[in-house]
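Please read the text alongside the sequence and coordinates shown below.

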Amino acid sequence: MFKSPLFIIVLRYGTIAGVIGFGLLVILYYLGRHPFVIPVFFDFRIILFALLLVFSLRDFREFHNEGILYFWQGMMGSFVLTFFYALVSSILLFAFASWEKDFVSSFIELTLEQAKSYPPEDIERMGKETFEQGLKAILDADAAYLARRYFFQSFIISFFISIIISVILRRQPKTL
């Protein structure tokens with residue numbers, strides 16, 4: 001498996017994407033838009049994953065697999081690419097958040113400000129106890145918490161994009 005062209009291609013793209021993704025996190029932070037308080041549907045990872053999955057799976061399909069890409073290959077390639085993206089970017093994020101102490105403290109401060117603006121009916125709908133547990137988790141946040149959160153969010157964001165891209169790009173051999 002580790003010598004498979006699919007694995008090598010998505011490993012390369014995932015590693016490059018991890019560095020790019022981390023760079024975008026740092027840029028957003030220094031531009032005054034903390035990346036962890038931006039709503040997930042505006043997350044840059046959506047576009048980044050879509051582009052890199054298309055490029056990496058097309059690269060494999062056209063240049064290494066004679067124009068054939070099965071759905072399972074697309075999903076497996078997407079998972080590996082996402083894993084290496086999440087691993088690289090989370091490790092770099094952990095190092096950055098450990099070095100730049102204001103990164104974590106500004107996340108806590110901005111998240112608490114957002115939480116104060118929630119209407120009471122929204123808090124009631126999610127449950128007051130659940131809301132308070134979420135606030136406690138935010139107050140206890142550290143560099144490791146942010147890195148883990150980013151790692152797992154990457155898989156959630158990538159999953160739906162992976163299905164769509166794998167379906168669109170799949171090509172099976174023609175039967176006679």
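## Salt bridges, pocket and surface

Arginine 125 is exposed, with a relative accessible area of 66%, in what is a predicted model. Its salt-bridge partner is aspartate 122, which is partly exposed at a relative accessible area of 27%. Both residues belong to helix α5, where they stand three residues apart, about one turn of the helix.

The structure holds seven salt bridges, and three of them are set out in the table.

| Salt bridge | Closest N to O distance |
|---|---|
| Aspartate 122 and arginine 125 | 3.0 Å |
| Lysine 136 and aspartate 140 | 3.0 Å |

Lysine 136 and aspartate 140 are both exposed.

The largest pocket has a volume of about 500 Å³, and its lining is made up of 24 residues, of which Thr111, Gln114, Tyr118, Ile138 and Arg149 lie nearest the centre. At least two lining residues come from each of α4, α6 (128-139) and α7 (143-169), while α6 gives the largest share, six residues.

Tyrosine 118, one of the residues nearest the pocket centre, sits in the loop between α4 (101-116) and α5 (120-126) and is partly exposed, with a relative accessible area of 37%. When neighbours within four places in sequence are left aside, tyrosine 118 is in contact with Ile123, Met126 and Phe131. Phenylalanine 151, which is 33 residues away from tyrosine 118 in sequence, is 26 Å from it in space, C-alpha to C-alpha.

Is threonine 82 buried or exposed? Threonine 82, in helix α3 (residues 71-99), has a relative accessible area of 1% and is therefore buried. Apart from residues up to four places away in sequence, threonine 82 touches Phe49, Ser154, Phe155 and Ser158.

On the surface, a nonpolar patch is formed by Ile16, Ile20, Leu24, Ile27 and Leu31, which together have about 450 Å² of accessible area. Isoleucine 20 is located in helix α1 (residues 5-30), and its 40% relative accessibility makes isoleucine 20 count as partly exposed.

How values were computed
Residues are numbered from 1 along each chain as its sequence is written. This is a predicted model: local features need pLDDT of at least 70, side-chain atom pairs count only at pLDDT 80 or more; totals for chains, interfaces and linings use all residues. Side-chain values use heavy atoms; hydrogens and water are left out. Patches are made of residues with over 30% relative accessible area and no salt bridge: like charges are joined within 9 Å, nonpolar side chains (Val, Leu, Ile, Met, Phe, Trp, Tyr) within 5 Å. Accessible areas come from the Shrake-Rupley method with a 1.4 Å probe; for residues, only the protein chains shown count as cover. A salt bridge is a side-chain nitrogen of Lys or Arg within 4 Å of a carboxyl oxygen of Asp or Glu. Helices (H or I, at least four residues) and strands (E, at least two) are DSSP runs, numbered from the N terminus. Buried means under 20% relative accessible area, exposed over 50%, partly exposed in between (1.4 Å probe, protein chains only). Contact means heavy atoms within 4.5 Å. On a 1 Å grid over the protein atoms alone, a cavity is a set of points where a 1.4 Å probe fits but cannot get out, and a pocket is an open set with protein on both sides within 12 Å along at least five of seven lines; lining residues have an atom within 4 Å of a point. Grid points are joined across faces, edges and corners, and a volume is the space filled by probe spheres set on the points.
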